[in-house]
Every structure is written in structure tokens, then in C-alpha cells.
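Trainee: I'd like to learn how to read a structure piece by piece. Could you walk me through this one?

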Amino acid sequence: MTTTATGPQTGVTLYSFTNEFLTRQFELDTLMAEVAKRGLGPNIEIIGFQNFREFPDVSDRFADEFKQMLADTGLNPVSCAINSDRFLKPGAQPIEDAALVEYHKRQLRSAKKLGFSLVRYQFALPVHLLPEIAPYAEELDIRMGVEVHAPMWAGHPAVQAYGEMYDKLNTPYLGWIPDFGGTASRIPESMLDAARAKGAKEDLLDKLKEVWLEDGMSHEKAGRLREWAAPKGHSPLEIQAACLAFFILSNHDPKSWAALVDRTIHIHGKFYGVSEDLVEEAIDYDTILPLFKDGGFTGTMVSEWEGHAYDMRDAFEQVRRHQAMARRIWGS
Amino acid sequence: MLPVERVIGEEGLAATAGGLKLAMRLPWYRSLPFSVVEVGPLSIDGEAVDLSDALIEYNGEQWPLSQNGEKVDTFWFIRDSAFLVLPSLKADAGSAHEVSLNLFISPPYIPGMRRTNPQTSTLIVEAA
């Protein structure tokens, strides 16, 4: 295990193996063992609400079991992804601020108890609540990185508002977690193929590509496509398959990440398909990754394969290629 | 069907003393509170099923489907089946039925997203 970081580290989020986990091919301990056996660690991220049955409140007993799994596999628990679940009643008002703060504290306690060194949180947490939560993270000694995920990017107003609050609070416990889906160069062909397999017609996909390049929040763009497509007879499932792209990818300048490097504490290496010659189909890693190395980033980029949202390729092979691509670009 | 899309659980359909019981899987990649899951419509052999007396059974607990929207702190673990109990329905063990179920989910951290997840399967009724 690397203890003195001299450059960016690689790792993997178990989210990449969503298909394998949901189909019960692996338990948490056997999945961790497989990751270790294939040499895809040691640095890992785990989504609390995916792999931990007891989340958001984990027991001492489970924490002991998890630490034993770490000891058995040699994996390093870098990041625990927590969720900013503010909209617990669809169609109704978001939950009260105090309840949302407590919801974050519960997850922070659990992440700390399980041995993680940082958490991923989300923009669904209103920025004005950060002054209430940051001191708690400091007290627990666990860092928090907000995930800059599509449709957000470095130039998005929400990111700028967070940046201003970060400047004001001025604590090393708060930072960014870039997710490269925010600066995709195109919609992955594998995703379009999956939509075609569900029956989506070419005119729907052409319109998708057009609306995808427009400004707006994900659900606004999904609404625009739906309004165009429904009267033309495209089915709800075809439209939904197309709309997935709005929620996980947006088209912004790959170089824009440079503005966030200084406060980046961790990275989601989002990807959809890395070819045998080590090139990702939709995200320009050759432009993005040098920004972080040159900017002095020494944290971990976890490989985050998200093709499972629409197909069933071999996630382990995809992650292997993604990490090999990172080594090719970073030269380590 | 993708693992993140399926809604009919591996345990299928069972005849129990309390009525028919249908296994359901959560069509998402992470656990969610039951409050963001809308169950139904459901049809069996092409006929719409009235869900007004239906119950949800999960992890040793049972509650009326009509109260599902209040379950903001009961999490459906992504690996587990939850069960839809239909007290008014009966079926013979061993008989085959075409079941069509939809679950709508609204992930609580993604404003404005509501996903439809229709699935149809022919299930053989198990004796419980």
C-alpha cells in the first residue's frame, strides 16, 4: 500500500460492479476479495447505500466485520459515498434543513466508524447548510468532497456558490470530487446502442444529441425531449432510455477542471467504455488527467464504470483497462 | 433486462394464508427509502389488480401500501426483495400467471427524475 503519495493514485469504486452485486453474484466480502485478487485496488470507494445494509447507521458489530474484510483483502477504504437525500417525498416540499443536516451527520459517523478517510456528498445539500456541517466533519476528522457531477462543471453557478462558501469557511475538510461525466465530449456510442436496442429510433437520438448540447438542468432537458418526442409516437421507455444521457453526462470544456484542482480531494474517473488500445469512448482523458498531475493532485482517482446503467459488459475488464489508461497518461 | 431495471423479484409469486405474495426488486443501483417508490399498476393475466388493500412486507415488517409515501426512514436494501401482499387474491400452487408490474422511483437527490420500470413475467405460484 502506498503511504507516501508522490502523484495521483488509482483505485476503484465498487459502484463499477453494480450488475455483479445486484444479481447476487458477489457478497460484499467476496466482491472485495475479487477486486483485491485482480489487483484493482488497494484504494476503494464504496457507496454507503449500495453495499452496506445498515446504512445510514452502521452498528459496531458490522464495523468490526468490515474492518476484518479490509484486513483480509488489504484494501484501503478511501472514500464512502454518502447521499444528500433532500427530496424524500416526491411532489412535496424538500425535508427541513435540520433533518437534512442530521441525515448527513448520521452518514458521516458511519463512514468514520468504517474507517474511510473522506466522504462524497452532493449538491442537493443547500450551500447555506455547510457552516453547520463542516465543524462536525472537522470534529470527526473526516473530509467531505462535493461531487461535481453532470450537469455541474467548474463554471456552473452552483459550483461557484460552493466555491465562495469554501473560501469563507477556509477549511481543509471541504473540497471537490470531480466526476468527468460533466465534461463529456459526446454521448457514448454504447449508450446510444443500448437505446436503439430498446427501440429508440434515429430521429429521437438525433434530437437527443441536439438537446444534450443545450443549456439547462437535466430534468429540464429531459422535459424538452419528452415534449418533442411524445407527440411523435416515441414510447415512454424509448424516451427514458434516451434521457439517461441528460442525467449522467454533460458537454463542457475538459480543460475547465483546472479551476478546481487545488481543492480536489478525490476523483470519480467516470467512464463508459475503454477500448483495447486504452481510449475512453466519450471522455477526453488525455486532456483531463494531466491537469491534475501537473496541478499537484496526490489523492485517488477511482475508476467508475457506469455502463451498467444500460448494458452488461464485463465490469472487471473495463476497470482494468481504465486503470491501464490512467497509467499510460500519468506515466506511473 | 438490466439488474437496475427489473422489478419482479427472484422469489416470484406465492400463495399464502394472507393472500397472494409477489416478490419485488428495487430498480435502482442503491438502497432508497420506500417513500420514493410508487408501486403499481399491477395486472395479473391481463386484469388490473385493485391495490387498495395491498400491503408491503419487508424485513419482518408489514404496512399498508397506502402508507408507503410516509416511509422516509425505512430503507429498501438494494439486494433484497420486498413483497407486495394481496389479501383478496388467491391462486393455486403450481398454476402459471402472467404478471405485469410497474414501479416508479424518484431518486431523492436528483430533482425532477421519475423513472418508469415496467416488467412482465410468467410466474408459477409457489406454495408458502
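Mentor: We'll go through the domains, the core, a sheet and the chain contact in turn. Keep in mind that this is a predicted model.

Trainee: Okay, domains first. Into which domains is chain A divided?

Mentor: A domain can be made of more than one stretch of sequence, so read the bounds carefully. Here, domain 1 of chain A covers 9–184 + 253–330, while domain 2 covers 189–246. Their C-alpha centres are 27 Å apart. Where the two touch, domain 1 of chain A supplies eight residues and domain 2 of chain A supplies seven. On the domain 1 side, that's four nonpolar, two polar and two charged residues.

Trainee: Now the inside. How many residues does the largest nonpolar core have, and which have the most contacts inside it?

Mentor: A nonpolar core is a set of buried nonpolar residues joined to one another. The largest one in this model has 127 residues, and Val119(A), Ala242(A), Ala245(A) and Val37(B) have the most contacts inside it. The biggest giver is helix 11 of chain A, residues 236–248, with nine residues.

Trainee: And why does this core lie between the two domains of chain A?

Mentor: Because domain 1 (9–184 + 253–330) and domain 2 (189–246) of chain A both give residues to it.

Trainee: Val37(B) came up there. Which residues does Val37(B) touch?

Mentor: Leaving out residues up to four places away in sequence, Val37(B) touches Leu26(B), Leu32(B), Asn68(B), Trp76(B), Leu103(B) and Ile105(B).

Trainee: How do I read a sheet? In what order do the four strands of the open sheet in chain B come?

Mentor: Follow which strand pairs with which. The order is 5-4-10-11, with antiparallel pairing. At the edges are strand 5 (47–48) and strand 11 (118–124) of chain B, each pairing on one side only. Strand 10 of chain B, residues 96–105, pairs with strand 11 over seven bridges. For one example, Leu101(B) has Gln119(B) in strand 11 as its bridge partner.

Trainee: What does UniProt list for residues 18–109 of chain B?

Mentor: An unreviewed UniProt entry gives that stretch as "domain: C-glycoside deglycosidase beta subunit". In the model, residues 18–109 of chain B are 0% helix and 49% strand, with the end C-alpha atoms 36 Å apart.

How values were computed: Residues are numbered from 1 along each chain as its sequence is written. Chains are lettered from A and ligands numbered from 1 in the order in which they are written. This is a predicted model: local features need pLDDT of at least 70, side-chain atom pairs count only at pLDDT 80 or more; totals for chains, interfaces and linings use all residues. UniProt positions are given in the numbering used here, feature names are shortened, and annotations may be inferred rather than shown by experiment. Helices (H or I, at least four residues) and strands (E, at least two) are DSSP runs, numbered from the N terminus. A nonpolar core is a set of buried Ala, Val, Leu, Ile, Met, Phe, Trp, Tyr and Cys residues joined through C-beta atoms within 7 Å. A residue is buried if 20 or more other C-beta atoms lie within 10 Å of its own, exposed if 12 or fewer, and partly exposed in between; C-beta atoms are placed from the backbone. Ala, Val, Leu, Ile, Met, Phe, Trp, Tyr, Cys and Pro count as nonpolar, Asp, Glu, Lys and Arg as charged, and the others, Gly among them, as polar. Two strands pair if DSSP finds at least two bridges between them.
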